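Trainee: Could you take me through one part of this model in detail? I'd like a close look at where two of the chains meet.

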Number of protein chains: 4
Amino acid sequence: MNRNIRVEGSKATPVAERRIELVERKGIGHPDTLCDGIAESVMRELSQEYLDRFGGILHHNTDESQLVAGRSDPQFGGGNVVQPIYILIVGRATKEFDGESIPADTIAVETAREYVREALENIDTESEVIVDCRMGEGSTDLKDVFEPESGSAPSANDTSFGIGYAPFSPTERVVHDTEHAIYAKLREDIPAVGEDVKIMGKRDGDTLDLTVAVATVAKHVDDLDAYISVMDDVEEFVHGVASDRFDGEVNVAVNTADDRDEGSVYLTETGTSAEMGDDGSVGRGNRANGLITPAREMSLEAASGKNPFNHIGKLYNLLASELSNDVYEEVDGVEEASVKLLSQIGSPIDEPQVAAVNVHTEEGVTADEVEYEVGSVIDDGLEDVTSITQRIINGELGTF
Amino acid sequence: MNRNIRVEGSKATPVAERRIELVERKGIGHPDTLCDGIAESVMRELSQEYLDRFGGILHHNTDESQLVAGRSDPQFGGGNVVQPIYILIVGRATKEFDGESIPADTIAVETAREYVREALENIDTESEVIVDCRMGEGSTDLKDVFEPESGSAPSANDTSFGIGYAPFSPTERVVHDTEHAIYAKLREDIPAVGEDVKIMGKRDGDTLDLTVAVATVAKHVDDLDAYISVMDDVEEFVHGVASDRFDGEVNVAVNTADDRDEGSVYLTETGTSAEMGDDGSVGRGNRANGLITPAREMSLEAASGKNPFNHIGKLYNLLASELSNDVYEEVDGVEEASVKLLSQIGSPIDEPQVAAVNVHTEEGVTADEVEYEVGSVIDDGLEDVTSITQRIINGELGTF
Amino acid sequence: MNRNIRVEGSKATPVAERRIELVERKGIGHPDTLCDGIAESVMRELSQEYLDRFGGILHHNTDESQLVAGRSDPQFGGGNVVQPIYILIVGRATKEFDGESIPADTIAVETAREYVREALENIDTESEVIVDCRMGEGSTDLKDVFEPESGSAPSANDTSFGIGYAPFSPTERVVHDTEHAIYAKLREDIPAVGEDVKIMGKRDGDTLDLTVAVATVAKHVDDLDAYISVMDDVEEFVHGVASDRFDGEVNVAVNTADDRDEGSVYLTETGTSAEMGDDGSVGRGNRANGLITPAREMSLEAASGKNPFNHIGKLYNLLASELSNDVYEEVDGVEEASVKLLSQIGSPIDEPQVAAVNVHTEEGVTADEVEYEVGSVIDDGLEDVTSITQRIINGELGTF
Amino acid sequence: MNRNIRVEGSKATPVAERRIELVERKGIGHPDTLCDGIAESVMRELSQEYLDRFGGILHHNTDESQLVAGRSDPQFGGGNVVQPIYILIVGRATKEFDGESIPADTIAVETAREYVREALENIDTESEVIVDCRMGEGSTDLKDVFEPESGSAPSANDTSFGIGYAPFSPTERVVHDTEHAIYAKLREDIPAVGEDVKIMGKRDGDTLDLTVAVATVAKHVDDLDAYISVMDDVEEFVHGVASDRFDGEVNVAVNTADDRDEGSVYLTETGTSAEMGDDGSVGRGNRANGLITPAREMSLEAASGKNPFNHIGKLYNLLASELSNDVYEEVDGVEEASVKLLSQIGSPIDEPQVAAVNVHTEEGVTADEVEYEVGSVIDDGLEDVTSITQRIINGELGTF
């Protein structure tokens, strides 16, 4: 068993201490995130269907769905979606196995429609969304069925890598939590707040500027005054969430593209800009940890929708995040950890080409001193790699 | 005002007295009829939307929808639709008028989904149907708005014709009523009976052979014995309906393509063959009177989905049927009447190029003797042509 | 061997002697005819591919293609197609047989593109047409392969009928030949003449009114004067063709919807109205004999694209036309003949449920007198039914 | 004029000196790169069309195209593409301006088809590719036309950022150049080498492992022996290119997923895996500098297809690369530079929220010492930002 673990100390200034830091998060209702959510939920349903039927997961990947924006005519108090949003589910699935037909396309369409309905409270999926499907036929040999209970690691589907780090910097924490709070709490209190939220955090020294874009829901906004009042509430709310998590000055700007004098504000019928001109794709938004963090190492792989048992672009990204966190939490003296895992197509996924760990240690601790302990954490994590699969299917591990 | 009415006596043997007569009807759940129904319901909703917004009907035609069959794996007691039915709504609609956006595509998608759900009791429109839309932009000038209340006849959209006749022959009556009875009554009593029914009537002298194809609904059919029992019930039911309307021998054959020994019978998940291999199109099935009658003069125009105010392919077919019926009912001595109306593109629809009437008169009555009276009926009907429009929108006049 | 042949004398006035007669033909470039042509050419290529690979024809039907019109901005001297024409190939084909993959979709796309390029001289298929394909998977058992050389008749795919008649009336001859002459000759002489031609003939007594719509090709028409000159040439040409074939007065009206004062004339970039708002479908235009003839008995089946060996909607329509012609040509005393063939699903195609022949005999000849001879012709034709298949594949028998 | 330039010294170990380095490049024929190339070429053609017609560029973005893989049956010596590759062009374009129609969809389809034909030498675009288009309508006000010659900077379309760095590390140089050399040279010498190449470089200390996947073209590979010979040639070629650029051990592994004993090797009909199961999207592959470099800061924006005058996701990524290079080349003492540019939606693009520069200086040089000079280079670059637009349209600046 060769894990190829390499541990190296980092001399780089930790992200939180650099002068400039940029962090972004696209909310649940953003067109790209919608695609991620659809892809991931279809993957989960298919995996479950395969497990129920055959006791194992068959080959599939649904990580290429595409959203083509609609056209709308939003009006204070409620207008119209003029042309529905078009969502094309793309990917591969095993549709026949062991003489049995599997209704993969039917499941995909139903799951996608349901996901959209749940993600966007104000959309009417009967009229405002078209879900189409051009999913190809994948094939699974009898020997290729992944049986989670067998415990043996499958072979990597590709030569690819995954990357993770821990912990979040304060700026990352703010951006991440703010969107979650808007979605989970503010939306409940203020029905005019839609699900399409985008937050850009720029920290310059210890000043944090948050630029927030929030789609409002036209039927819950009677006029411009009401809109302005919602904007004020959002600003106050975001300021509160951020100030709890950041020691420094916080500035919040909401919907800066509005031109209130012209009456041109961010009004939507459905709560998402997908209704009017903003297309979306899987894998173009948040990384598996929910953020876009240019100062961190990132993989470009779309984790969402990929199969949960041997697709490196999913597994290794989720695993690398987990391992980083384990190192950070379990190894004394480590202030920041990042993990890169590189697979070799055809080799077992618990034997990467390389498992490279960068650790930023406390003053007085060297990388050499923690090397053994870090290595053990990584080794254990790789040993247990197949447990990730079940947690993905259960929805315990998110990809966006 | 020039109606160009021509009345001519027919020397042909009435259809009912010829040796051989063929009559066919495709039921509500047949793929072609589904397309007709979708096209017509979308047309009605759009017309109503235009009326509500602008007090007049704007240019549109939705007579080109296409159904691409799905794939299914029906099993006694219930199996799966493996790949959803794909329905593409094609046509034109005015999407912007007088500075206002009209949600034509949204209405079309919603209406089509609703129509399918109502027409097919056992389909799950969330998973088993994809409704897509590629409806082009028609344009309407201010002067082209059709205001039903104005009473003035619009100009014909095309050089085209419509055809009708009355009354139904006994064979036609049987075929027409049998499908209706299966849909309206038998289906209530026997849930295993689906909506996709096709009836072919062949009369040879005074023997009527009815070949009936009925899709059964798998989840309501436990096994082959249950299936056979359903077939027996259908046969008995059809025989009863037919015998009430036909003086002569009636033979009924149901699902003749079944091979019971091989276990190959007409089982479906959804009640329609559209789930498995049978595509459908607007205008490929029943004529506006609900039948396919090769012994009669027929127009090939798809009446369903065409706009209800100046599309000759719709208006003249419906009007010709109405006028035939009026002549038959109101003019003494007429045993059978058929009407052909030919428009000239750009001329008012109440001034056809020709309104040709064929009458088969009772013995002792000549065509000349009824010519004046027939002409009056036709003249009155053309005078009142715009009333047809409102009745179409109200759903009082069917097209399939 | 039971042919179920029924011969009956017709008392109806022959079509040519009735007062009013309507005949229509949609030209090669009409959107409906384009769909017919695509469907039929794809069917031919697939049949040939099956024959080449397996020595037999496998299950397929491509009779459901749909054309969604584009959008154009035609200008004298040449403008633009703004949005391409979208053609969706729908149908079924056997894509795997005896362990071998058959590139049915690839063949369909290539054949359709090639057909369009050849049918429309002025279209640029690289930019002005999108050919898409959603062809389902049909399946063929080993025993279902149709081997033309075996000589044994396959079983009917459906309970359906086909209809034919002979000879053409003078009006029918005129309408048929005029479109052919415009396509084959006039277009060569006058490049401004497009392929989308529609001819409506109305005979009232011995006056024939021809309403002709001809799409012109913008790049070959410099201005309104040039357009008017083309119209004059078309009118003169049509008048010439018609007068050679019709003894009576002939009136020709070309592009009657034009409003020359407003500069609104029938100008296109590509020679077809499909570029701007006119959708098309298989089977909505000409019958298998190339005409739309409401005064004749007609089948509504789309003959184009259906498989050439056991699809009744194709075979019986072509066969009935052939048999009518044979009866008319070979049996003395017959002035007009029509044939209706009704199949029974599952029975051999050379044993119809009924083969009903109507004959209009010369004065002095009774139907009884020709019954035997007519029956022999029909019997021979049914005996030789499988020869139709090869002639269809060779392109000797047209369907539009 | 506020450029908000911030210069900071980097204490991080330069990438080339860290123990582990991962670098990847997806070649021209990879499905993701194909999408990038299509998106970018459509953008260029549209920009040029707008310039030619109106002297300015109108609103458009074509950065969302999606490729749905086909299905193929590759055979030594040549097999078949069974189902064509489906490419859906998604995005927005201004289709009407100043009363004039712009054939944006037609241009998009034509350009995409041409791009595919040129990128993939062995594909038959008539049969093996379907290019579809669902491009929405963007709108451009008169005042929003970008006129390159005006010299004034347009407003940012979004709050977003771009990132660049210079110079390439040796490993980056090797990965980048190797793919280029295979595409430009090896493919000429060995026709069996396809365009779908993927190179993964893993440097561990001074050992560089290159994992190369190369699609081969079936018709140019007669049998397994020929295939093995091609593999040997590729390995030797790659080794040569890499060794010229890397001082250390180089190991090359080609098509490691092959199972030669089973006869399962990387054979394609067209030279790309898009023919069989590998979907593609814009922006999922290489960054604007042609590489995937997890150790570097990266933007997740898809640069390809975005409009070239105010879309930050394109402009700032290209500009940041340029500026990094300028700093590296023009400022003495700078060994490595990276630039991050953050826009504010609605503000002029030459006035970023922040222009953050990280410099790694030579020993003995401090960041403070070069700060002024670095700032000047950045200031000049921002001053000249609009020149980027023209260079993009001319194809001088690539995005993949």
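This is a predicted model: local features need pLDDT of at least 70, side-chain atom pairs count only at pLDDT 80 or more; totals for chains, interfaces and linings use all residues.

Mentor: Let's start with a pair of side chains: B:E297 and C:R18 come together in a salt bridge, with N to O at 3.9 Å. Polar contacts between chain B and chain C come to 20 residue pairs, both partners at pLDDT 80 or more. If you ask which element of chain B gives the largest share of the side touching chain C, it's strand β7 (residues 85–94), with five residues. Sorted by class, that side of chain B holds 24 nonpolar, 15 polar and 23 charged residues.

Now for the whole contact. Chain B brings 62 residues to it, and chain C brings 62 residues too. On the chain B side, look at B:E64, B:R284 and B:L300: they supply 14% of the area chain B buries against chain C, more than any other three residues.

While you're at it, have a look at chain D and chain A. That interface has 12 salt bridges by the rule, and one pairs A:R18 with D:E297 at 3.8 Å, N to O. Polar contacts between chain D and chain A number 22 residue pairs, both at pLDDT 80 or more.

Key. Residues are numbered from 1 along each chain as its sequence is written. Chains are lettered from A and ligands numbered from 1 in the order in which they are written. Side-chain values use heavy atoms; hydrogens and water are left out. Contact means heavy atoms within 4.5 Å. Buried area is the accessible area (1.4 Å probe) that two parts lose on being put together, summed over both. A salt bridge is a side-chain nitrogen of Lys or Arg within 4 Å of a carboxyl oxygen of Asp or Glu. A polar contact is a pair of N or O atoms within 3.5 Å; within protein, one must be able to donate a hydrogen and the other to accept it, and residues adjacent in sequence count only if both atoms are side-chain atoms. Helices (H or I, at least four residues) and strands (E, at least two) are DSSP runs, numbered from the N terminus. Ala, Val, Leu, Ile, Met, Phe, Trp, Tyr, Cys and Pro count as nonpolar, Asp, Glu, Lys and Arg as charged, and the others, Gly among them, as polar.
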